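Here is a short briefing for a first look at this model.

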Amino acid sequence: MSFHDIYEMQRSLNTRTVGKPVDDSMTEEERLQWMLNYNLAQQQEQAELVDSLDWKWWKHGENDWKNVHIELIDELHFWMSKCQVAGLASEDIIA
């Protein structure tokens with residue numbers, strides 16, 4: 001499977017979730033709202049990733065690498081969605 005395939009699968013998922021394509025064909029207001037939605041969601045996934053790691057010097061715990069993997073994949077989903085809202089095709093990203 002190629003990056004382009006994954007990118008197009010994300011496009012299909014976004015269309016099913018939102019009910020229409022999430023790309024630069026949206027109105028300016030819709031593009032702004034979805035860019036902000038996806039950015040906030042990606043930030044939350046980043047926070048969840050950090051929470052999966054033992055970074056606190058005052059308290060020791062364990063690293064949850066399985067959850068780190070999940071959060072990284074979630075971040076990729078939202079990152080690709082933001083690229084689509086901005087009008088970046090998979091070919092643009094690869095180039």
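Helix α1 (residues 3-18) packs on α3 at an angle of about 80 degrees, with the two axes 10 Å apart. That angle makes α1 roughly perpendicular to α3. The model is predicted.

**Helix α1 against α3**

- From α1, the contact uses Phe-3, Ile-6, Tyr-7, Gln-10, Arg-11 and Asn-14.
- From α3, the contact uses His-77, Trp-79, Met-80, Ser-81, Cys-83 and Gln-84.
- By class, the residues of the contact of α1 with α3 are 6 nonpolar, 5 polar and 1 charged.

**Helix α2 against α3**

- On the α2 side, the residues in contact are Arg-31, Trp-34, Met-35, Tyr-38, Asn-39, Ala-41, Gln-42, Glu-45, Gln-46, Glu-48 and Leu-49.
- On the α3 side, they are Asn-67, Val-68, Glu-71, Leu-72, Asp-74, Glu-75, Phe-78, Trp-79, Ser-81, Lys-82, Val-85 and Ala-86.
- The contact of α2 with α3 has 11 nonpolar, 5 polar and 7 charged residues.

**Aromatic rings**

- A pair of aromatic rings is described by two values, the distance of the centres and the angle of the planes.
- In one of them, the ring centres of Trp-34 and Tyr-38 are 5.3 Å apart.
- The planes of Trp-34 and Tyr-38 stand at 40 degrees, so this pair is tilted.
- Trp-34 and Tyr-38 are 4 residues apart in helix α2 (residues 28-51), which means about one helical turn separates them.
- Is Tyr-38 buried or exposed? Tyr-38 counts as buried, at 6% relative accessibility. The cut-off for buried is under 20%.
- Trp-34 is partly exposed, with a relative accessible area of 24%.
- Trp-57 and Trp-58 form a further pair, with ring centres 4.7 Å apart. Their planes are at 85 degrees, so the pair is edge-to-face.
- Both Trp-57 and Trp-58 are exposed.
- Ring pairs also join Trp-34, Tyr-38 and Phe-78 into a cluster. Tyr-38 of α2 and Phe-78 of α3 are among the residues where these helices meet.

**The loop between α2 and α3**

- Trp-58 sits in the loop between α2 and α3. Its relative accessible area is 52%, and it is exposed.
- Trp-58 and Met-35 are 23 residues apart along the chain, and their C-alpha atoms are separated by 36 Å.
- Lys-56 also has its place in the loop between α2 and α3. Lys-56 is partly exposed, with a relative accessible area of 29%.

**Other positions**

- Ala-47 belongs to helix α2. At 34% relative accessibility, Ala-47 counts as partly exposed.
- How many Å separate the C-alpha atoms of Ala-47 and Glu-71? They are separated by 9.0 Å, at 24 residues apart along the chain.
- Ala-89 lies in the loop between α3 and α4 (90-94). Ala-89 is partly exposed, with a relative accessible area of 24%.
- Ala-89 and Asn-63 are 26 residues apart in sequence. In space, C-alpha to C-alpha, Ala-89 and Asn-63 are 35 Å apart.

Terms used: Residues are numbered from 1 along each chain as its sequence is written. This is a predicted model: local features need pLDDT of at least 70, side-chain atom pairs count only at pLDDT 80 or more; totals for chains, interfaces and linings use all residues. Side-chain values use heavy atoms; hydrogens and water are left out. Rings of Phe, Tyr and Trp (its six-membered ring) pair if their centres lie within 6.5 Å; planes under 30 degrees apart count as stacked, over 60 as edge-to-face and the rest as tilted. Helices (H or I, at least four residues) and strands (E, at least two) are DSSP runs, numbered from the N terminus. Buried means under 20% relative accessible area, exposed over 50%, partly exposed in between (1.4 Å probe, protein chains only). Contact means heavy atoms within 4.5 Å. Ala, Val, Leu, Ile, Met, Phe, Trp, Tyr, Cys and Pro count as nonpolar, Asp, Glu, Lys and Arg as charged, and the others, Gly among them, as polar. Axes are lines fitted to C-alpha atoms, for helices over the stretch in contact, and angles run from 0 to 180 degrees between N-to-C directions. Angles under 35 degrees count as roughly parallel, over 145 as roughly antiparallel, 65 to 115 as roughly perpendicular and the rest as oblique.
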